[in-house]
Amino acid sequence: MNQKILKLENLIRFHTVFRQLHSLSNRRMLVQWSPVFSSAYPVWTTQLCFRPWQTDAIIGVALSQYRLLVTKKGERAQRSPLSSSKSKKEVEVWIGMTTEELARAMEKDIDCVYEALMNTAIDIDSLEAHSHLDEVWIKEVVKKMGMKLKWSKLKQDKVRENKDAVRRPQADPALLTPRSPVVTVMGHVDHGKTTLLDKLRKTQVAAMEAGGITQHIGAFLVSLPSGEKITFLDTPGHAAFSAMRARGAQVTDIVILVVAADDGVMKQTVESIEHAKDAQVPIILAVNKCDKTEADPEKVKKELLAHDVVCEDYGGDVQAVHISALTGDNLMALAEATIALAEMLELKADPSGPVEGTVIESFTDKGRGPVTTAIIQRGTLRKGSILVAGKSWAKVRLMFDENGKPIHEAYPSMPVGIVGWRDLPSAGDEILEVESESRAREVVNWRKHEQEQEKNKEDLKIIEEKRKEHQEAHRKAREKYGTLHWKERSFLKYQEKKEQKPLKKKEKEERDSNVLPIIIKGDVDGSVEAIVNIMDTYDASHECELQLVHFGVGDISENDVNLAETFHGVIYGFNVNAGNVIQKSATKKGVKIKLHKIIYRLIEDLQEELSSRLPCIVEEHPIGEASILATFSVTEGKKKVPVAGCRVQKGQLEKLKKFKLIRNGHVIWKGSLTSLKHHKDDISVIKTGMDCGLSLDEEKIEFKVGDEIVCYEEKEVPAKTSWDPGF
């Protein structure tokens with residue numbers, strides 16, 4: 001900049017010197033010519049005569065103005081990159097973002113994104129608000145908008161310290177003390193499992209169960225006359241509760257397999273054996289109902305050989321005890337066999353240190369809030385302990401036994417009810433004791449964070465798959481239109497859009513009728529889990545789509561009714577209540593509430609509801625049959641009409657009904673008759689054994705001797721869903 005100023009100063013000085021020389025020469029000329037000029041031109045002479053001090057002033061002003069101008073330009077040049085970078089707005093983007101998300105990130109209208117991609121290779125017509133954009137198009141849009149790009153890092157990339165709670169290392173064998181065995185009673189439905197437990201603990205649980213079927217996992221501590229104690233888990237034998245039986249096997253030491261001597265090995269018996277094998281738990285066979293005349297215990301033992309359950313009678317190591325749960329015969333022998341096996345297993349546990357256990361069942365009690373039934377596996381549980389299970393935690397406010405009586409301590413192998421949970425944990429969750437409430441919150445937050453990360457990974461995977469599908473579809477579309485002129489391409493796209501007509505009101509109603517949204521509410525977590533697992537077996541979506549809108553534990557609430565109204569769904573309740581106010585509200589809003597206490601009744605009701613959504617099936621009911629004995633034609637006006645001479649073999653032919661022509665077992669025509677005559681008389685009905693002549697409403701059909709004519713009527717029959725839940 002200084003060099004430029006010096007050059008300018010030299011140039012101006014040179015120019016000034018030249019002007020001064022020029023003015024001096026002019027002055028001399030004026031002196032010589034002064035007599036000729038009159039005083040009428042004083043101004044002209046004054047303008048020509050510049051004085052040296054005036055020239056210097058002009059040069060000074062010019063130089064100062066130029067210095068100021070050059071300085072400002074220099075400052076502007078230095079500031080321009082900084083100011084431009086500040087003026088650019090920074091946009092945070094990520095891979096797989098949609099068109100709508102990009103517009104929102106830029107704080108622009110979605111049309112701005114379309115405009116930015118107008119002259120690019122991307123097909124604007126196929127671009128929707130929810131379409132995922134490739135990295136190159138995201139960069140292109142942000143660039144054209146004059147903004148700065150910033151790629152956001154995925155949350156799972158951020159390293160976060162693991163705050164989870166885990167089980168303690170195995171205890172020193174010297175610290176272990178003997179404990180009671182945890183025994184699971186398994187078997188097929190109605191083979192007498194609950195009746196067996198009733199006799200052992202002298203209660204009447206079976207009488208309280210709906211339909212005599214156990215539908216919850218019950219954990220009970222039974223004291224034998226010998227002083228020994230056994231914790232029994234009564235798992236439901238019904239097919240719907242396969243997951244609950246599996247969970248029972250995972251926390252148990254011994255499995256008592258109950259098989260009815262008059263029924264033999266059934267489907268759930270085999271499943272119970274598989275659960276026991278998976279858990280590597282020894283089995284004791286209890287052959288029940290041996291008091292019946294048709295009982296055959298040996299047949300049961302032989303059937304079990306096919307499933308690798310070999311009793312001691314056949315050279316195996318499985319103890320078999322013949323019992324009658326109803327009369328109580330041989331129950332003590334079964335208990336002694338259980339104690340003997342437990343002694344062989346040398347069951348021990350560490351009663352000291354933080355508690356470890358497993359949630360067997362969870363439910364919501366109106367007065368107590370979330371409640372869990374748990375088996376303590378290590379440590380001693382006391383009031384005030386801080387527990388974590390799944391994504392829930394508790395400060396123990398109350399503990400009670402299987403009879404509902406409060407207890408102060410729970411040792412290993414003891415079943416215990418726990419009150420004080422902030423949220424309801426899931427059945428099967430691991431229970432761990434932590435040192436404080438803050439630590440419990442930390443563990444729960446970490447587990448929720450981990451679950452969120454897993455969900456994000458799955459979502460990103462799905463997004464990537466959808467993006468690839470979209471890219472492939474876009475590529476095929478471009479190949480389809482690539483060689484066409486833009487006018488032809490526009491016309492084809494117009495034709496395609498024209499074909500995609502919006503659904504009419506009737507068509508929309510038909511489409512919606514093929515969807516059944518349902519809401520499931522149950523009394524305990526295990527029951528809801530079992531019902532949801534049954535929903536997973538649904539395989540008839542081609543007939544009617546089954547949508548599980550919501551499921552939860554507890555009585556039916558107003559929110560459930562509102563949700564069902566929104567989705568036009570049905571509420572199914574299992575062992576829960578719906579108050580009068582709720583039922584009136586549901587009736588007013590047109591929402592169905594269906595309450596059940598037996599699970600297979602609930603499933604049957606669901607099957608009926610699904611069937612009611614299906615269109616009726618049209619069935620053909622034959623009224624009469626006739627055989628063609630001769631063929632001829634009659635002239636009507638200028639036309640020759642083929643006529644079949646028939647004899648009615650069965651039933652009767654009614655002219656107003658529908659008919660079909662059968663040849664060699666194949667139907668070659670269906671329709672109506674144009675005429676039906678007996679001799680020359682037109683009649684409406686021809687009965688068995690009578691001859692007649694008939695013509696069809698289609699002239700091109702040719703009759704042949706030996707063909708059959710069947711008269712039938714169509715009746716609409718309600719359809720049934722093809723879904724088979726397995727029981």
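Because the model is predicted, local features need pLDDT of at least 70 and side-chain atom pairs count only at pLDDT 80 or more, while totals for chains, interfaces and linings use all residues. Residues are numbered from 1 along each chain as its sequence is written, and side-chain values use heavy atoms, with hydrogens and water left out.

**Stop 1**

Select R167, R179, K348, A349 and Q377. Of the 19 residues that line the second largest pocket, these are the closest to its centre. A pocket here is found on a 1 Å grid over the protein atoms alone: it is an open set of points where a 1.4 Å probe fits, with protein on both sides within 12 Å along at least five of seven lines, and lining residues have an atom within 4 Å of a point. The second largest pocket holds about 420 Å³ of space; grid points are joined across faces, edges and corners, and the volume is the space filled by probe spheres set on the points.

Now colour β10 (348-349) and β12 (369-378), the elements that give two or more residues to the lining of this pocket. Helices (H or I, at least four residues) and strands (E, at least two) are DSSP runs, numbered from the N terminus. Which element gives the largest share of the lining? That is β12, with 4 residues.

Colour the lining by residue type next. It divides into 7 nonpolar, 5 polar and 7 charged residues. Ala, Val, Leu, Ile, Met, Phe, Trp, Tyr, Cys and Pro count as nonpolar, Asp, Glu, Lys and Arg as charged, and the others, Gly among them, as polar. Domain 2 (177-349) and domain 3 (356-444) each supply at least three residues of the lining; the domain bounds come from an automatic or database domain assignment.

**Stop 2: two positive phi angles**

Most residues other than glycine have a negative phi. Select N330, which is not a glycine but has a positive phi of about 65 degrees. N330 sits in the loop between β9 (319-322) and α12 (331-345). N330 counts as partly exposed because its relative accessibility is 40%; buried means under 20% relative accessible area, exposed over 50%, and partly exposed in between (1.4 Å probe, protein chains only).

Then select E346, in the loop between α12 and β10. The phi of E346 is also positive, near 50 degrees. Is E346 buried or exposed? E346 is exposed, with a relative accessible area of 62%.

**Stop 3**

Select R201 in helix α7 (residues 193-201). R201 is buried, with a relative accessible area of 15%.

Move to V222 in strand β5 (residues 218-223). V222 has a relative accessible area of 2% and is therefore buried. The C-alpha atoms of V222 and F232, 10 residues apart along the chain, are separated by 7.2 Å.

K267 belongs to helix α10 (residues 267-278) and is partly exposed at 49% relative accessibility. How many residues along the chain lie between the positions of K267 and G187? They are 80 residues apart, with their C-alpha atoms separated by 9.2 Å.

**Stop 4: a helical span**

Select residues 449-480. An unreviewed UniProt entry lists these residues as "coiled-coil region"; UniProt positions are given in the numbering used here, feature names are shortened, and annotations may be inferred rather than shown by experiment. In the model the span is 100% helix and 0% strand, and its end C-alpha atoms lie 46 Å apart.

**Stop 5: an aromatic pair**

A search of the whole structure finds 1 aromatic pair. Select Y538 and W723: their ring centres are 5.3 Å apart and their planes are at 75 degrees, so the pair is edge-to-face. Rings of Phe, Tyr and Trp (its six-membered ring) pair if their centres lie within 6.5 Å; planes under 30 degrees apart count as stacked, over 60 as edge-to-face and the rest as tilted.

Y538 lies in the loop between α16 (525-536) and β20 (545-553), and W723 in the segment after β31 (708-717), 185 residues apart. Y538 is buried at 11% relative accessibility, and W723 is buried at 2%.
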